[in-house]
Amino acid sequence: MYARPNRRPTQRKSEPRRFPAPVGGWISNRSLATPNDGATPGAAILDNFFPRATGVILRRGTRRYATVGSGERPTTSLFSYNTGAVRKLFATTDEAIYDVTAVTFPYDAAIVDEEDNVIVTENGDFFGWSSVGPSVMGGFTGGNWIVVQFSTTGGIYLIGVNGQDTGFIYDGSDFWPNLPGGLWSLPYDGQVTPFVEGDTVTGSTSSAAGVIWRVEAGRLILRDVEYPPETWTIEYVGGSAAFHVESTLRGQVSSASARIASITPGTTTWTLPYDGGTVDFTPAQIVTGTTSGASGEVVSVAGTTASGTLTIKTLSGTFQDNETITGSGGGAAVVNGKASDPILAGTLTLEGLIGDFIAGEPLRDGSGGAANAVGAQTFVSGGSFVDGETITGSMGGEAVTAGTAESVAPGVTFPDGLTSADMSYVWPYKNRLWFLQKDSLNAWYMDQVDAIGGGATMFPLSGVMGRGGALMFGQGWSLETSAEGGLSEQCVFVSEEGEAAVYQGSYPGEAATWTKVGVYRIGRPLGNRSFIKGGGDIAVATSVGLVPLSKAIELDVTSLNVATVSYRIQDAWNDATLLRSAAGWQAELWPEQKMAVIAPPTTQDAPNPVLFISNTETGAWTRFTGWRVTCMEVFEGKLYYGGPDGRVMLANVGGDDEGAPYTGVVLPLYDDFDNPGALKISTAGRAVVRGTNHIYGQLNFQSDYLLTVPTAPPPSITSGPANIWGSAIWGQSVWGGGLADVVTTDWVSLGGTGYACSLAYQVTSGDVQPLDVEVVRLEMLYSAAEQVS
């Protein structure tokens, strides 16, 4: 008989495995079989942790900063004004604009009784407070404001448009509507009857008129101001040739000039020499030629009874030489020659006066007219309102001006009945404002540089954008010049169909420099606020990813996917464009925290809010959850975002989300430990983390590419006042500061088997004080089962 030796089974030896912190960020497009093949460690899930060079750090919470409006409408836009000592932050709903620079109360509140009923007075007033004061501008129907700060020699302004309402101009102290012709201030006193808004006032002397936009103490703010042309009159005599309307009158001594608007003829006269006189002629006599029958009325007599010259008017017929002439009052003489050519006189009405005419100087016009000025010109009417004139309103208001009208806010005048309400986007390029006309392929540029008011000229792109649609946004795009014709100082027009037309040069009116660089496909942009600018480049959130324009000009749209900034999360990006709408995305660059923040909208198919956030230094991505973002603005180094119900939130502060806990999740990419056929059996693990306190996180074994993690742990307890939001000086208590205080390395038991393995680390923050926990690495002990042969 043969006997097989009885071998005792050997004990499996546990092996360690380390998962370094996924500083490469969230990755959704790497091969599952070789996830870390020569690449920076990444994560299959990275929620509410931000990847840095040293590890991944838990984000901080969010706090209600202000509530705008009635608290029932979403906050639609945030924008700021920054110049010198004046720094302002504004928030909007679709109805109004609010100043939220300094807010005392984050919430509106009303005092109630013990039964929770609001206490009101007999007039309907209630006791309580509002988070912010009254709106600084209202009466709107849309809230998608595009706002640019624009500096001119006359001041620094905010220019805003939304494609639905009259745009605005903010001058650092007041908001004004962007109206054709602008707004004008007219001081007044001596009021007889009050004025009302909407009334049309007219100057009694100037004939200037305007519509009252607002009545203030001692002044009217006028819109639609119309100034009749300024007119003057000048009398002339001794004319040898007729003047002509529309010709230019010039003084031969003064060099003054003006356009002849109309002519009022005076008395035309002739001179008639005589001799052989026997009886004096006197003015008003009718002198008649005894032979010719010619006649005329004597105006004046120069000379003696015997000889001289008659000046006559209303000449009829032709006097003959040497015929006897007699006067109706007894005058008698003989014609000595013939009557002169007509001598013209009259009054000219002038416009566009330059200089001043002087009495007696010869006057000439460009059509041969000639005469002499009786005196200087006399102002009649027209032009701006004048000091001291009576102004009356069509609804009964009356007062006296106490000065002249002065511009308050210039406005842009678009032709063909268009106004700023028809403009959906505004941006500066080479110190000139550009606008996009809504629902069209027309762009408009200001006729003048360094100007926020005046005329605008259309630049059509319908023949350039081959895929049609409408223009969505435009920007100035600056890259270093690499060679002649290289990219530098470009003007980019982006359509909703995903075409980017690039031009270089000053502006279309300067044909010698304005040229088209090209038209490029970039994918459909996801909104007119879905791009970020940095390092001279523009990255646009599109249907194919976050596309840098610098890559779009080099690659076909079919090849852009691998060149996008979002390539590492491309699968997640594609899902978001399908489930969360391909419009209404928001993008903001937060330089102070080295973040590029992309906020897709929430929809019925994707109701849970998420943010896609990239580290601008490393390109690593993460996902923040729980922040419902409708708009964003970085102001004084802090990120503010708008939300539903009039919320204005302050991001990355404190340790909870407006009182609610949030959980950070780190799930490194799955790894088969270079032994894909062996079943791994987990035994223990630990998370090496550092923070200001001992961290009580949760570690679980995950296997075989599962992307569902266990239920989140309860909030980790914090202690100490080190970084409590609001208790420290901004800039001293900073995100990530003091992380080296406590390192947590607790081992925990694990269970589970799988061929590809990972560890899910979760930590929940739910206190006023932030956790500021940073994951350094995750470790596990496992044993591998023998492979079946």
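Two strands count as paired if DSSP finds at least two bridges between them. Strands (E, at least two residues) are DSSP runs, numbered from the N terminus. This is a predicted model, in which local features need pLDDT of at least 70, side-chain atom pairs count only at pLDDT 80 or more, and totals for chains, interfaces and linings use all residues. Residues are numbered from 1 along each chain as its sequence is written.

**Strand pairs.** β37 (423–429) joins β38 (432–437) antiparallel. P428 has L433 in β38 as its bridge partner. Two residues lie between the strands of this hairpin, and K430 takes a positive phi near 50°. β37 is mostly covered, with six of its seven residues buried (under 20% relative accessible area, 1.4 Å probe, protein chains only).

β6 belongs to an open antiparallel sheet of four strands, ordered β6-β7-β8-β11. β6 (77–83) and β11 (137–138) are its edge strands, each pairing on one side only. S80 has L89 in β7 as its bridge partner.

| Pair | Bridges | Direction |
|---|---|---|
| β6 and β7 (86–92) | seven bridges | antiparallel |
| β37 and β38 (432–437) | six bridges | antiparallel |

**Largest pocket.** A pocket is an open set of points on a 1 Å grid where a 1.4 Å probe fits, with protein on both sides within 12 Å along at least five of seven lines; lining residues have an atom within 4 Å of a point. The largest one has a volume of about 860 Å³, the space filled by probe spheres set on the points. Its lining has 29 residues, and V147, V148, F531, E588 and E633 lie nearest the centre. β6 and β37 are among the strands that each supply at least two lining residues.

How values were computed
Heavy atoms only, no water. Buried < 20%, exposed > 50% of the residue type's maximum accessible area, 1.4 Å probe, protein only.
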